[in-house]
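Open the model in your viewer and keep the selection panel at hand. Each stop below tells you what to select and what to look for there.

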Amino acid sequence: MMDRYTKLQMAGIYFAITIFLIFILLPFFEMFMTSLRPLEHLFRSPYQFWSDDFSFDAYSQMWVTVPLLGRYILNSIFIATSVTAITMVFVIPAAYAYARLDFPFKSASLAIFLGVNMFTGAVLLIPLYRVLRTLGLLNTYWAMIVPGVAFLIPTGIWLLRSYLEKIPRELEEAAYVDGASRMYTLRRVVLPLAVPGLIVVGVAVFIGAYAQQFLFAITFNQQRELQPLPAGLYEFIGYQSVTWNEMMAAALVGVLPVMVIFLFLQKYLVAGLTAGAVKE
Amino acid sequence: MATLDLKAINKSFGTAKVLHDIDLAIQDREFVVFVGPSGCGKSTLLRIIAGLEEATSGKIVIDGQDVSTAHPVDRGISMVFQSYALYPHLTVFENIAFPLRVQKLQPTELNARVAKAAEILQLSDKLKLKPGQLSGGQRQRVAIGRSIVRNPKVFLFDEPLSNLDAALRGDMRVELSQLHRELDATMVYVTHDQVEAMTMADRIVVLNGGKVEQFGTPMELYHHPATKFVASFIGQPNMNLVPGTIKEMTPDGPVVALAGGHTMTIPVEATTAHVGSKVEVGIRPEDVDLGTDGLEVSIRVLERLGGASITYGSIGDGTAFRASLSGNAPVREGETVHLTVDPAACHVFDADGRVLRRQAAPGLVA
């Protein structure tokens, strides 16, 4: 351990953390406050932080305003889950190959994977649209799943590869000497030991899939029944008015599943993301 | 069981050549130890035998069959790794059963084989535990168990005791020797610890810089080291090497003037040396005795071990000199004493480090 901090330093550290947290959490807080207010009070001037008429009405009203809201939330979870599952199917063997095998263009292809991550989906929307149209996948769940998988594989490979590299090579050599094939070793030895790493990658991919749905949904899908929550929130924008309070309530409810996952798995996430950073 | 022959094995990593023309013939049921300093290539050689590395050139023959390119299982070898390489998520039973599961052996046969291995290694009551719940010695036994269930022809051990503490290492040494006798198997064992080599081996291969310095029984290596390297590597404490010059040749051997002023006639065959040659005289610390004449040694540090007293000091010209004296030898730190040396117990090495053959060597212990 380095030297203990002085009281003054501790105060400084906590001050910085507080500023940072306020910056990050204020939007969520404001969302919550907005969702509690009656619509007409939102535009009250001067701004009133505390009102007497807080209520949870928006949380029940939103299901009426947008009848498909429940469907949208389920769609979101379904799409993110599918993206995660398919991504893992590709990422696990690829990450293992990058961690253990030697093949031509290994580092070059790894760099290309990283390069793919530098493009946002937006840059590739038009080419992707053409590809999906040619394949006849527009206006299906696949239109939102396939691009999602493609954009998340590189991150997955990079994350899982560094985790797999930490598994002692001798374990695999022992399995090899005992006659186990690569796939058998992967299944019986490597993957069981990589469970914490798989959880990290799975959660990271799930969150990524949850966050990136919006763009693909509004461009590649016209079917209301298939829309995920971020696209569905648009329906709170009416011809006459925007029911902001209900929209905020729906957004919070939609974010809830991800929040819950985060809370349960955060100890794995923190351990996993810093894994390999320090030589043990 | 099986013989193991290595024929002209060479190995390079890129431009670095780590093994040079290794030729060894290991007999059936022999316990052979590869010993040498770190980086001498002993582990690489073992990994080549195992099939984990490919030799750049050369052949590996097990039981008369060329297995140079065969899979480890087809070679009939099994290996125990330095870190044990136990699967932490599997129970002791599953760890030992792993090679049999790979073979898809029938459950009854599998259970019987694992039970037998567990019995030999006294692990029968530990089968349900995970490796993390075992002590170091028990983990080592599980690793050995995994290697014996398959009934391999040749067992390979890669520094298996180096992670254990000193006391346990002594016990495991005895257990391994016993296991060798029980299994009646050919075993190749890699270590950097010359005590392990001396105590367990039928024959020892001393490796240095990727070359075989000498291949022989422990007593051969001790009494007839072929080179200066072997002489100084085998024996504890290390052999003293005192520089000297050959003054004259007599029928009894060359007369050598040692640094520090002492002169001895040493009974060796001076075939590669002549009068005036610079030589080094090897004197084992245990071959000297307190006396009234002989080498004059000033003692810097004295270690009393009870049974023996080890002194560290130097002779006249500053050459370091170790001596192993009796437990209650009347010496003190800072003192200068005379140590007598029996010329017949001395080894002489020429300028290239090769030994001059001893005439009056002690009888070899079988």
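**Before you start**

This is a predicted model: local features need pLDDT of at least 70, side-chain atom pairs count only at pLDDT 80 or more, and totals for chains, interfaces and linings use all residues. Residues are numbered from 1 along each chain as its sequence is written, while chains are lettered from A and ligands numbered from 1 in the order in which they are written.

**Stop 1: chain A**

Select chain A. It has 11 helices and zero strands. Helices (H or I, at least four residues) and strands (E, at least two) are DSSP runs, numbered from the N terminus. Along its principal axes, the C-alpha trace of chain A spans about 75 × 65 × 30 Å.

**Stop 2: H3 and H9 of chain A**

Two packed helices are described by the angle between their axes and the distance between the axes. Select residues 69–100 (helix H3) and 195–220 (helix H9) of chain A; their axes come within 8 Å and cross at roughly 135 degrees. Axes are lines fitted to C-alpha atoms, for helices over the stretch in contact, and angles run from 0 to 180 degrees between N-to-C directions. The angle makes H3(A) oblique to H9(A). The cut-offs: under 35 degrees is roughly parallel, over 145 roughly antiparallel, 65 to 115 roughly perpendicular, and the rest oblique.

The crossing of H3(A) and H9(A) is right-handed. A crossing is right-handed if the near helix is turned clockwise from the far one by less than a right angle, and left-handed if anticlockwise.

Now show side chains. On H3(A), the contact residues include A:Ile79, A:Val83 and A:Met88. On H9(A), they include A:Val205, A:Phe206 and A:Tyr210. Residues are in contact if their C-beta atoms, placed from the backbone, lie within 7 Å. By class, this contact of H3(A) with H9(A) has 10 nonpolar, five polar and no charged residues. Ala, Val, Leu, Ile, Met, Phe, Trp, Tyr, Cys and Pro count as nonpolar, Asp, Glu, Lys and Arg as charged, and the others, Gly among them, as polar.

**Stop 3: H4 and H6 of chain A**

Move to residues 106–118 (helix H4) and 141–165 (helix H6) of chain A. Their axes come within 8 Å and cross at roughly 130 degrees. That makes H4(A) oblique to H6(A). H4(A) passes H6(A) in a left-handed crossing.

Which residues of H4(A) meet H6(A)? Pick A:Phe113, A:Leu114, A:Val116 and A:Asn117. The classes here are six nonpolar, two polar and no charged residues.

**Stop 4: where the chains touch**

Show both chains. 14 residues of chain A are in contact with 16 residues of chain B. On chain A, helix H7 (169–177) and helix H8 (182–193) each supply at least two residues of this side. The largest share, six residues, comes from H7(A). By class, the side of chain A that touches chain B has 10 nonpolar, one polar and three charged residues.

**Stop 5: the two domains of chain B**

Colour chain B by domain: domain 1 is 4–231 and domain 2 is 237–356. These bounds come from an automatic or database domain assignment. The C-alpha centres of the two domains lie 38 Å apart. Their contact takes six residues from domain 1 and nine residues from domain 2.

**Stop 6: the mixed sheet**

Select the six strands of chain B that form an open sheet in the order E6-E7-E8-E3-E9-E10; the pairing is mixed. Two strands pair if DSSP finds at least two bridges between them. E6 (77–80) and E10 (211–216) stand at the edges, each with a single partner strand, so one side of each is left without a neighbour in the sheet. Neighbouring strands are turned by 20 degrees against each other on average, direction ignored.

Zoom in on E6(B) and E7(B) (residues 154–158). They pair in the parallel sense over four bridges. B:Ile77 stands opposite B:Val154.

**Stop 7: the antiparallel sheet**

Finish with the open sheet of five strands, E15-E19-E16-E17-E18 of chain B, with antiparallel pairing. Its edge strands are E15 (288–291) and E18 (320–326). The twist averages 50 degrees from one strand to the next.

Centre on E16(B), residues 295–304. Four bridges join E16(B) to E19(B), residues 336–341. Here B:Leu295 has B:Leu339 as its bridge partner. Seven bridges join E16(B) to E17(B), residues 308–315. Two partners to click in E17(B): B:Ser309 for B:Arg304, and B:Ile315 for B:Val297. The hairpin of E16(B) and E17(B) has three residues between the strands, and B:Gly306 takes a positive phi near 95 degrees there.

Terms used
Two residues are in contact if their C-beta atoms, placed from the backbone, lie within 7 Å.
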